[in-house]
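User: Please take a close look at the surroundings of the ligand in this model. A connected account with the criteria stated would be appreciated.

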Amino acid sequence: MKLWTQAHLATLTGESGWGLLEHGALVSEGEHLLWVGALDQLPHELATQIDTQQDLGGALVTPGLIDAHTHLVYGGLRANEFEQRLQGASYEDIAKAGGGIRSTVTATRAASEAQLYDAAAKRLQALLNEGVTTVEIKSGYGLSLDAELACLRVAQRLGTALNVDVRKTYLGAHAVPPEFAGRADAYVDAVCGWMAALQQQGLVDAVDAFCEGIGFTVAQTRRVFETARGLGLPVKLHAEQLSDLGGTQLACEFGALSCDHLEYLSPAGVQALAGSGSVATLLPGAYYFLRETKLPPIQALREAGVPMAIATDHNPGTSPALSLLLMINMACTLFRLTPEEAVRGATINAARALGLKDRGQLQAGQRADFCVWDAAHPNELAYFLGRNPLLLAVRGGQIRTTRM
Ligand code: DI6
Ligand code: FE
């Protein structure tokens, strides 16, 4: 049993508030927290069982950060498309001309599994350096059974090797690959057909789709979701990023863990999310990098009581972001979230977006996943641009990263 003392706790317990507690302490045993509170309240029977102790020197302690939406595994980069867009080409124009997601599919298929692993490991390490202890990684750049399998296997290996919880999402319905050109419905059949095989290999925690004019229709997405439901897999959706197709309403009908992006979400979409249990995952990196001007309906989501998560959406086309702290800042500056909402978005609400009940807050029974920061108040996590205040990341009670 380990006692962590002199912690300035931001527990994020309850539905709002930082849950601040100075002179706090945590007791961890194995991978979990046994007790969290003020040190002078530590029960005697626990105090007598402590084997090791660590003084955190009054530093800020928050739950470990959770990045609930990434596409970290892919071949190549798309800096050239970034240049084209700066010169006026739109993301949709580039996609329709065969660039965009499809150009990354070509590069991903051409890469060996070792190359995919090495490139993704470097990117993942950047997220971990800032305190990420759980990360979601989607497939979606392979678009064949073998290539999707390879990408999900890479995601799984990364989790073991880099000591981070990786949740694997099957995004076969990301784009129509060249061998199915003009036959989107046949491709959706294939995507549905591969799902069970991927699941049997333990490579699928959830199923996602890109429901969009340049992606898949609501009817096609429904077929993907029905297959997922038949296999007992939870769903989530890229919805209303570039246009309002009503994918959010469909996702809510299927009890989706989250609906992500939502810039073009309609009042009817907000209504569907309200009380559905689905999380609105906001992705300020993609909004910024696409120079989007249509804001997600934040105030309406807030008034409807929809939990909001913040993630990097790391991908080579629309969000080459490798800093969840920067996304927290941008959620405040661009989307007008409060720092508390943004930090909750990268902890407790991100956990909800992944269907994980055992993390995201500091309290007894939760996983001992937490970060120790060189900060006097948690609002500093939303404040700096490009400073990394992480001192210590603890995952499952074990110190993973230290700068203390
Ligand atoms: N929405 C996105 O922002 C990414 N995927 C998606 O469905 C973009 C993927 C890419 O351009 O490579
Ligand atoms: Fe995405």
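Analyst: Around ligand 1 there are 14 residues, of which Arg78, Tyr91, Tyr141, His174 and Thr318 come nearest; a residue is near if one of its heavy atoms lies within 4 Å. This is a predicted model, in which local features need pLDDT of at least 70, side-chain atom pairs count only at pLDDT 80 or more, and totals for chains, interfaces and linings use all residues. Residues are numbered from 1 along each chain as its sequence is written, chains are lettered from A and ligands numbered from 1 in the order in which they are written, and side-chain values use heavy atoms, with hydrogens and water left out.

The shell comprises 4 nonpolar, 8 polar and 2 charged residues; Ala, Val, Leu, Ile, Met, Phe, Trp, Tyr, Cys and Pro count as nonpolar, Asp, Glu, Lys and Arg as charged, and the others, Gly among them, as polar.

Polar contacts are pairs of N or O atoms within 3.5 Å. A side-chain N or O atom of Arg78 is 2.7 Å from an oxygen atom of ligand 1, and a polar side-chain atom of Tyr141 lies 2.6 Å from an oxygen atom of the ligand. The side chain of Gln241 places an N or O atom 3.1 Å from a nitrogen atom of ligand 1. Taken alone, ligand 1 exposes 320 Å², and the protein buries 100% of that (Shrake-Rupley method, 1.4 Å probe).

Methods
Polar contact = N/O pair within 3.5 Å; in protein donor to acceptor, adjacent residues only side chain to side chain.
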